[in-house]
Amino acid sequence: MIQVKDIPFVAYPVTEKQRACDFYEGLLGLKQESGGDFPDGFWLEYAVGSATLALSNYWKPAAEPSMGPCVGLEVEDFDGAVARLKEKGVPFSQEVMETPVCHLCVVQDPDGNSLFIHKRKPGHS
């Protein structure tokens, strides 16, 4: 039996490098840690806490919108993040909702991939 110990990264297929960078770096404030351009495409990595988010166009045929997994992004200021996303016209596929342990919503990046914007309530880690 294989024993899975950790999730080293989550990878999203994207179609346009600059558009993805504008969204993930410019709007979400992530900092590119590694990656680059290669003969068959590009691969970008962003450290988010102890995890890594990778963006790439290696999926063939060319990356198709909405074919990637969904990742949750824990934010410091949930209301501020929601306001900024709405101000920038980012599509929401799930409006803000509250659970017993968190507040969350689901937005779409420029390629249609889903992202959970998430804020744990005090006492829940």
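Asp 37 is exposed, at a relative accessible area of 55% (buried means under 20% relative accessible area, exposed over 50% and partly exposed in between, with a 1.4 Å probe and protein chains only). The model is predicted, so that local features need pLDDT of at least 70 and side-chain atom pairs count only at pLDDT 80 or more, whereas totals for chains, interfaces and linings use all residues. Residues are numbered from 1 along each chain as its sequence is written, and side-chain values use heavy atoms, with hydrogens and water left out.

Six salt bridges are present in the structure, a salt bridge being a side-chain nitrogen of Lys or Arg within 4 Å of a carboxyl oxygen of Asp or Glu. In one of them, Asp 37 pairs with Lys 17, with 3.0 Å between the closest N and O atoms. This pair joins distant parts of the chain, 20 residues apart: Asp 37 belongs to strand S2 (residues 32–38) and Lys 17 to helix H1 (residues 17–27). Helices (H or I, at least four residues) and strands (E, at least two) are DSSP runs, numbered from the N terminus. Lys 17 is partly exposed, at 28%.

A salt bridge also connects Glu 98 with Lys 121, at an N to O distance of 2.5 Å. Glu 98 lies in strand S6 (residues 92–98) and Lys 121 in the segment after S8, 23 residues apart. Glu 98 is exposed, at 54%, whereas Lys 121 is buried, at 18%.

Disulfides (pairs of cysteine sulfur atoms within 2.5 Å) number zero in the structure. Cys 21 is buried, at 10% relative accessible area, and Cys 102 is likewise buried, at 5%.
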